[in-house]
Amino acid sequence: MMTIYFSFEVPMKFSSIILSVSAALFAGAVNAATVTLSPTADGDVQVHGGDVFNTTDGVLSFVQSGALIRNAIMEFDLSSIVDTATINSATLTITLTQFVSDLGSTAAIDLFAYNGNGAVDIDDYDAAGTQVADTTTPTGGVAGDTRSFSFSTVAPITSALSGNLLTLRLETDNFATIFFGALENTTIDAAALTIDYTGPSAVPLPAGLPLLLVGLGGLAALRRGKGA
């Protein structure tokens, strides 16, 4: 009885293809994404005109009126953004609870950012931070109007990614008063931080991938047996 053996050689080029396919399947893709975050904590802090820390009335305010100075504080959880992400842009949006008051047609907006520590308290009044917006907003308006402030630098967000917490502080001057929704408000939205970033994300594995890998492994074994 004659026995016939079939054999074939897996070309070197094919082993390179195997490596390329494996790398493409398992490597994370770099994707652009946008996330909008609500504060995990907020409050307003006043030290000029009497020490006051408020978190419970549903309204945040930042004020400068003579001896009265009050700042609004918000902390955000960044854990949904991978630490190695590239932050492209960021915008803070607030929703007014009443008209914006000032002596002129615009009110000054100063926005500072720094690493959060898990709490919003009176120490945030003058905590060291990076100014990320120096702009104005029109006076007037009504409850429900939104005002948005774009970051001039996103460096503080990048810095805060490893610790997952970012604190923002809103200040004003020129005798302005701005009131906006806090977390406890049931009719006016709380502040929203929108971050556009680019970062890695896992690629879903195809359902047939295990079978494909078994086949590739078999071909590799055949090639090793041929070379033995």
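Asparagine 174 is partly exposed, with a relative accessibility of 47%; buried means under 20% relative accessible area, exposed over 50%, and partly exposed in between (1.4 Å probe, protein chains only). Before going on, note that this is a predicted model: local features need pLDDT of at least 70, side-chain atom pairs count only at pLDDT 80 or more, and totals for chains, interfaces and linings use all residues. Residues are numbered from 1 along each chain as its sequence is written, and side-chain values use heavy atoms, with hydrogens and water left out.

Back to asparagine 174, which sits in the loop between β10 (165–171) and β11. Helices (H or I, at least four residues) and strands (E, at least two) are DSSP runs, numbered from the N terminus. Phenylalanine 175 belongs to the loop between β10 and β11 as well. Most residues other than glycine have a negative phi. These two do not follow that pattern: phi is positive in asparagine 174 and in phenylalanine 175.

| Residue | Phi | Relative accessibility |
|---|---|---|
| Asparagine 174 | about 60° | 47%, partly exposed |
| Phenylalanine 175 | near 65° | 43%, partly exposed |

Now for β11 itself. The structure holds one aromatic pair, made by phenylalanine 62 and phenylalanine 180. Rings of Phe, Tyr and Trp (its six-membered ring) pair if their centres lie within 6.5 Å; planes under 30 degrees apart count as stacked, over 60 as edge-to-face and the rest as tilted. Phenylalanine 62 lies in strand β4 and phenylalanine 180 in strand β11 (residues 177–181), so the pair ties together parts that are 118 residues apart in sequence. Phenylalanine 62 is buried at 0% relative accessibility, and phenylalanine 180 is buried with a relative accessible area of 0%.

Strand β4 (residues 59–65) also holds serine 61, which is buried at 3% relative accessibility. Its side chain makes a polar contact with the side chain of arginine 70, at 3.0 Å. A polar contact is a pair of N or O atoms within 3.5 Å; within protein, one must be able to donate a hydrogen and the other to accept it, and residues adjacent in sequence count only if both atoms are side-chain atoms. Beyond four places in sequence, the residues in contact (heavy atoms within 4.5 Å) with serine 61 include Asp44, Asn71, Ile178 and Phe179.

Elsewhere, strand β6 (residues 86–95) runs antiparallel to β9, and five bridges join them; two strands pair if DSSP finds at least two bridges between them. Threonine 91 has serine 150 of β9 as its bridge partner.

Zooming out, the protein has three helices and twelve strands. Of its 228 residues, 36% count as buried. Among contacts between residues at least 6 apart in sequence, 81% join residues at least 24 apart.

Finally, a word on confidence. pLDDT is the predictor's confidence in each residue, from 0 to 100. Its mean for the protein is 83, and 75% of the residues reach 70 or more. Over residues 3–15, pLDDT stays under 50, and it also stays under 50 over residues 17–27. Where pLDDT is low, the predicted coordinates should not be read in detail.
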